[in-house]
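Subject: Structure handover

Hi,

Here is the structure I promised to pass on to you.

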Amino acid sequence: MKLFGAIEAGGTKFVCAAGTETGEIKERVSIATTTPEETMPEVIAFFNKHKVEAIGIGSFGPIDVDKNSPTYGNITTTPKLAWRDYPLLSSVQKEFSIPIGFNTDVNIAAMGEAVLGAAKGLDSCLYITVGTGIGAGAYIQGELLQGLTHPEMGHILVRRHPEDSYKGRCPYHGDCLEGLAAGPAIEERWGTKAAELSNNDKVWEMEGYYIAQALMQYILILSPKKIILGGGVMNQEQVLKYINKYLKEFLNGYLEFPQVSTDMGSYIVRPGLGDNAGITGGLLLAKRVYEESK
């Protein structure tokens, strides 16, 4: 069986892996996301040890995914200033003469979950990560959603919770979804890390209020057959009951499907691949670009 490579480039760490198209990971390594000068040599060194046929890269964003653009493969307007305008794809391409796929970290996680995870057997799903930031990847009719650019679902505007006076912390939009509901916003609003607020129901009721609004919009626009919620904040699983409660209230009977009325527990789920959704999707992306190159 052929060996493929995957890079899940996150804002905190780069996870690199060598594995198979079935998602079996032969070896993996985690590298701190500091600066390109420090991080990338370790990434290259990992793949110098493994003879892979292709590499799939999923990166934090925003990134340029337009293959006709002169900056295709770049990380663009990220708040991580050391990585702004960094040519991530070309920095890997110049080291390895093999096919290399490039997309967002959440898009490849959506692919992983669609093919081998919680949405296996379905032709569409939505993967959402709620952690340091909020992002979402959409897998629709067997393809990753992409248009003018990749989806930026974490930056939609939501209605404020009636009891929330927090200003929001997105550097671009203030009180967008990410600015109000990502992990750093929870910590700044409540004065302590989300992991230490497990017993404070008000925290998770408010979080559920915001995430449910986002899910309502995604459902009405994209109609995914499964919604998968990942990321560190979603480890606080008590938020799910509030997401389900508010989503049902917001939809108000408009959609008559059991998935959004009586069977939300099977429709809105945690990742079937756990923390391996992104790296598995990277292996699948590598396999895809390898086959397209033949």
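How many bridges join strand β1 to β2, and do these strands run parallel or antiparallel? There are six bridges, and β1 (residues 4-9) and β2 run antiparallel. Before going further, please keep in mind that this is a predicted model.

β1 and β2 make a hairpin, with three residues between them. Within this pairing, Glu 8 sits opposite Val 15 in β2. On to the next partner: β2 is joined to strand β3 (residues 25-32) by seven bridges, and this pairing is antiparallel too. Here Phe 14 stands opposite Ile 31 in β3. The hairpin of β2 and β3 has five residues between the strands, and in it Gly 23 takes a positive phi near 90 degrees.

Strand β2 (residues 13-19) has six of its seven residues buried, so the rest of the structure largely encloses it. Phe 14 also belongs to an aromatic cluster, together with Phe 60, Trp 83 and Tyr 86.

**Aromatic pairs**

The structure holds 11 aromatic pairs.

Tyr 246 and Phe 250 form a stacked pair, at 5.7 Å centre to centre and with 20 degrees between the planes. Both lie in helix α7 (residues 239-251), four residues apart, which is about one turn of the helix. Tyr 246 has a relative accessible area of 10% and is therefore buried, while Phe 250, at 24%, is partly exposed.

**Helix α3 and its neighbours**

What is the angle between α3 and α9? Helix α3 (residues 105-116) and helix α9 (residues 277-292) pack at about 85 degrees, with their axes 7 Å apart. The two helices are therefore roughly perpendicular to each other. On the α3 side, the residues in contact include Ile 108, Met 111 and Leu 116; on the α9 side, they include Leu 284, Leu 285 and Arg 288. By class, this contact has eight nonpolar, five polar and two charged residues.

α3 also lies across β6, β7, β8 and β9 (227-230), and runs at about 45 degrees to β7. Those strands belong to an open sheet of five, in the order β8-β7-β6-β9-β10, with mixed pairing. Its edge strands are β8 (143-144) and β10 (268-269), each of which pairs on one side only. Further in, seven bridges join β6 (residues 124-130) to β7 (residues 134-140), and these two run antiparallel. If you want a residue to start from, Ile 128 stands opposite Ala 136 in β7.

**A loop residue**

Last, have a look at Pro 171, in the loop between β8 and α4 (177-181). Is Pro 171 buried or exposed? Its relative accessibility is 62%, so Pro 171 counts as exposed. The C-alpha atom of Pro 171 is separated by 36 Å from that of Lys 120, and the two residues are 51 residues apart along the chain.

Happy browsing, and best wishes

Notes
Residues are numbered from 1 along each chain as its sequence is written. This is a predicted model: local features need pLDDT of at least 70, side-chain atom pairs count only at pLDDT 80 or more; totals for chains, interfaces and linings use all residues. Side-chain values use heavy atoms; hydrogens and water are left out. Axes are lines fitted to C-alpha atoms, for helices over the stretch in contact, and angles run from 0 to 180 degrees between N-to-C directions. Angles under 35 degrees count as roughly parallel, over 145 as roughly antiparallel, 65 to 115 as roughly perpendicular and the rest as oblique. Contact means heavy atoms within 4.5 Å. Ala, Val, Leu, Ile, Met, Phe, Trp, Tyr, Cys and Pro count as nonpolar, Asp, Glu, Lys and Arg as charged, and the others, Gly among them, as polar. Two strands pair if DSSP finds at least two bridges between them. Buried means under 20% relative accessible area, exposed over 50%, partly exposed in between (1.4 Å probe, protein chains only). Rings of Phe, Tyr and Trp (its six-membered ring) pair if their centres lie within 6.5 Å; planes under 30 degrees apart count as stacked, over 60 as edge-to-face and the rest as tilted.
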